[in-house]
Amino acid sequence: MLFQRKNIRLPSSRYRGKQIYFVTLCCEDRRPIFANESLGHWLVTELSKSAAAQNFSIHAYCVMPDHVHVLVEGVLDACDFVRFISSFKQQTGFYYKKKIGRRLWQSAYYDHILRKPVAADAVAWYIWLNPVRKGLCSAPQDYSFSGSLTLDWRSRCSPAQTWLPPWKTPQKMPG
């Protein structure tokens, strides 16, 4: 019997249009590739170019040493989130493999479609506070590889609430 990879994607139609997505991309074998400052800056530049080319807004991002969190929004009805992420991973992965000789990304990624736009602010803070939680800095604005391409997030550095992804939310026991 052959091993079959579990499909973690929703139907493709769910990833089209004007929606907001929280996505996490992990480096192959969780290697700390972006601990290299020049590679971290390169990735942010490539993310910005890819988003502009495919009509996505980057509301929040954080490039951690071994993974990347991004809060993106499709700005047109024709936006295709899966195509955007696939293209971004392919372009950056090809360049990295050519220069370094190794794979950049894990094949899968994790996404969450936000149902309520008001949740976007809490998700953004989850993203920006990631380096603080990991002990890489004491305040989110001190981390070089966090930001937003749509707002001046550093002027708002006082998160009002804490957000946890659904897979980290404690489950209530029946009783």
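Reader: How far is the sulfur of Cys 27 from the closest cysteine sulfur?
Author: This is a predicted model, in which local features need pLDDT of at least 70, side-chain atom pairs count only at pLDDT 80 or more, and totals for chains, interfaces and linings use all residues. Residues are numbered from 1 along each chain as its sequence is written, and side-chain values use heavy atoms, with hydrogens and water left out. A disulfide is a pair of cysteine sulfur atoms within 2.5 Å. The closest cysteine sulfur to that of Cys 27 belongs to Cys 26 and is too far for a bond, at 7.6 Å.

Reader: How many disulfides does the structure hold?
Author: Cys 26 is in no disulfide, the nearest cysteine sulfur being that of Cys 27. For the structure, the number of disulfides is zero.

Reader: Is Cys 27 buried or exposed?
Author: Buried means under 20% relative accessible area, exposed over 50%, and partly exposed in between (1.4 Å probe, protein chains only). Cys 26, with a relative accessible area of 6%, is buried. Cys 27 has 0% relative accessibility and therefore counts as buried.

Reader: In what order do the strands of the open sheet stand?
Author: Helices (H or I, at least four residues) and strands (E, at least two) are DSSP runs, numbered from the N terminus. Two strands pair if DSSP finds at least two bridges between them. The edge strands, each pairing on one side only, are β4 and β5 (146–147). With antiparallel pairing, the five strands take the order β4-β1-β3-β2-β5.

Reader: Which residue is the bridge partner of Val 23 in β4?
Author: Strand β1 (residues 20–26) pairs with β4 in the antiparallel sense over five bridges. Phe 22 stands opposite His 112 in β4. For Val 23, the bridge partner in β4 is Asp 111.

Reader: Why is strand β4 largely enclosed by the rest of the structure?
Author: Strand β4 covers residues 110–114. It is largely enclosed because, of its five residues, those that are buried number four.

Reader: Against which elements do the buried residues of α1 pack?
Author: Helix α1 (residues 37–53) has 17 residues and reaches 25 Å from its first C-alpha to its last, close to the 24 Å expected at 1.5 Å a residue; the expected span is 1.5 Å times one less than the number of residues. Its buried residues include Leu 39, Trp 42, Leu 43 and Leu 47. Contact means heavy atoms within 4.5 Å. The buried residues of α1 pack against β2 (56–63), β3 and α2.

Reader: Which backbone nitrogen does the side chain of Asp 80 reach?
Author: Asp 80 lies in the loop between β3 (67–74) and α2 (81–100). Its relative accessibility is 14%, so Asp 80 counts as buried. At 3.1 Å, its side chain reaches the backbone nitrogen of Val 82.

Technical notes
Polar contact = N/O pair within 3.5 Å; in protein donor to acceptor, adjacent residues only side chain to side chain.
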